Amino acid sequence: MNAAGVRMVVTRARSPGTGASLRPGGEKAAPLRSGEAAAEGRKSYSPVKRRRKARRLSVAYEASEGEEGAGAECLQTPSWQPQDWRQQLDNIRTMRSGKDAPVDQLGAEHCFDPSASPKVQRYQVLLSLMLSSQTKDQVTAGAMQRLRARGLTVDSILQTDDSTLGTLIYPVGFWRSKVKYIKQTTAILQQRYGGDIPASVAELVALPGVGPKMAHLAMAVAWGTVSGIAVDTHVHRIANRLRWTKEATRSPEETRRALEEWLPRELWREINGLLVGFGQQTCLPVRPRCQACLNRALCPAARGL
């Protein structure tokens, strides 16, 4: 609690009124008549000096105007953070300063038609994310170019037969399943959302073929809203190598929850593209280039190699 924004208010407990007394159980007795009062006074007289009761102090704390959120912010301070994470992050930013990884030119924010209407752009963003699962950015971008050449809209996809759609998106990973998911999701968007995409993570992940990573990226790219950290295999792998999770995690979704517990929210939007490009160029899945990494002395995984 911020001491500068809090004042202490002290109140004294009031003593009972003179016209009534309290019985042992706390019940208020009726006022005494004059004769009874004299008799009562003689009975209660004692030469022994009564001990003065200590007065209780009631203390209340009031937050000054504009400080109501200060206490909540203090309570939200994470109890655990990875060692050297800020230096590791700065080093990754330095290594990624060239912005020349595949994700920087071919990611979801680069695959939609900038001349299309906002609603069509949002649909194209979602479609590119659905295609990107288990697929390299170069392959996803190629599939999106072929789809856009035919006019990529909700109506055009619903009018395209499955065989033609499969030919257009091949060779993205699991392309046969993605043909089915794209058709099902597109039909839902037309029926329930007027051809637009939902504006919440819960509704997005309910669509066929859309997972949490895609949903959070769609919220960020299509709607401009940071709803959470988008964690794919690159972010999952690097976070565990750097020990950015309190315990080792077994899935990207576990990693997302672990990162959101401590990583400052203002970094949530940046962290996906930053780590994905780092994973594409330096922190590779197999034979990572640790000798060229600025974090080689700070990375627990590098020290173990």
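Which residues in the largest nonpolar core touch the most other members? The legends below answer this and describe further close-up views of the predicted model.

**View 1. The largest nonpolar core of the predicted model.** Leu 126, Leu 127, Leu 131, Leu 147, Ile 157, Ile 169 and Leu 204 touch the most other members of this core, which has 36 residues. Two or more residues are contributed by each of helix 5 (118–132), helix 6 (137–149), helix 7 (154–158), helix 8 (162–169), helix 9 (175–193) and helix 11 (212–222). Helix 5 provides the largest share, seven residues. Of its 305 residues, 39% are buried. Among contacts with a separation of 6 or more, 64% are between residues 24 or more positions apart.

**View 2. The surroundings of Leu 147.** When neighbours within four places in sequence are left aside, Leu 147 is in contact with Leu 127, Leu 131, Leu 152, Ile 157, Leu 165, Leu 168 and Ile 169. Leu 147 is also one of the core residues that touch the most other members, and among its contacts Leu 127, Leu 131, Ile 157 and Ile 169 belong to that group as well.

**View 3. The packing of helix 5 and helix 6.** The axes of the two helices are 9 Å apart, and the packing angle is about 140°. Helix 5 and helix 6 are therefore oblique to each other. The crossing of helix 5 past helix 6 is right-handed. On the side of helix 5, the contact is made by Gln 124, Leu 127, Ser 128, Leu 131 and Ser 132. On the side of helix 6, Thr 140, Ala 143, Met 144, Leu 147 and Arg 148 take part.

**View 4. The packing of helix 5 and helix 11.** Here the helices pack at an angle of about 150°, and their axes are 10 Å apart. Helix 5 is therefore roughly antiparallel to helix 11. Their crossing is right-handed. Helix 5 makes the contact through Arg 122, Val 125, Leu 129, Met 130 and Ser 132. The partners from helix 11 are Lys 213, Met 214, Leu 217, Ala 218, Val 221 and Ala 222.

**View 5. Helix 11 and its covering.** Helix 11 is mostly covered, with nine of its 11 residues buried. The buried residues are Lys 213, Met 214, Ala 215, His 216, Leu 217, Ala 218, Met 219, Ala 220 and Ala 222. They pack against helix 5, helix 10 (201–205), helix 13 and helix 14. After helix 11 comes Gly 224, which has a positive phi, near 70°.

**View 6. A cluster of tryptophan rings.** Trp 80, Trp 85, Trp 244 and Trp 262 are linked into a cluster by ring pairs. The count of aromatic pairs comes to four. In one of them, Trp 80 and Trp 262 are arranged edge-to-face, 6.3 Å from centre to centre and with 90° between the planes. This pair links distant parts of the chain, 182 residues apart: Trp 80 lies in the loop between helix 2 (68–75) and helix 3 (85–95), and Trp 262 in the loop between helix 13 (252–260) and helix 14 (268–281). Trp 80 counts as partly exposed because its relative accessibility is 26%. Trp 262, by contrast, has a relative accessible area of 4% and is therefore buried.

**View 7. Trp 262 with Trp 244 and Gln 81.** Trp 244 and Trp 262 also form an edge-to-face pair, with 6.0 Å from centre to centre and 85° between the planes. Trp 244 is placed in the loop between helix 12 (233–241) and helix 13, and Trp 262 in the loop between helix 13 and helix 14, so their pairing ties together parts that are 18 residues apart in sequence. Both Trp 244 and Trp 262 are buried. The C-alpha atom of Trp 262 is separated by 6.2 Å from that of Gln 81, although these residues are 181 residues apart along the chain.

Note on methods:
Residues are numbered from 1 along each chain as its sequence is written. This is a predicted model: local features need pLDDT of at least 70, side-chain atom pairs count only at pLDDT 80 or more; totals for chains, interfaces and linings use all residues. Side-chain values use heavy atoms; hydrogens and water are left out. Rings of Phe, Tyr and Trp (its six-membered ring) pair if their centres lie within 6.5 Å; planes under 30 degrees apart count as stacked, over 60 as edge-to-face and the rest as tilted. Helices (H or I, at least four residues) and strands (E, at least two) are DSSP runs, numbered from the N terminus. Buried means under 20% relative accessible area, exposed over 50%, partly exposed in between (1.4 Å probe, protein chains only). A nonpolar core is a set of buried Ala, Val, Leu, Ile, Met, Phe, Trp, Tyr and Cys residues joined through side-chain atoms within 4.5 Å. Contact means heavy atoms within 4.5 Å. Axes are lines fitted to C-alpha atoms, for helices over the stretch in contact, and angles run from 0 to 180 degrees between N-to-C directions. Angles under 35 degrees count as roughly parallel, over 145 as roughly antiparallel, 65 to 115 as roughly perpendicular and the rest as oblique. A crossing is left-handed if the near helix is turned anticlockwise from the far one by less than a right angle, and right-handed if clockwise.
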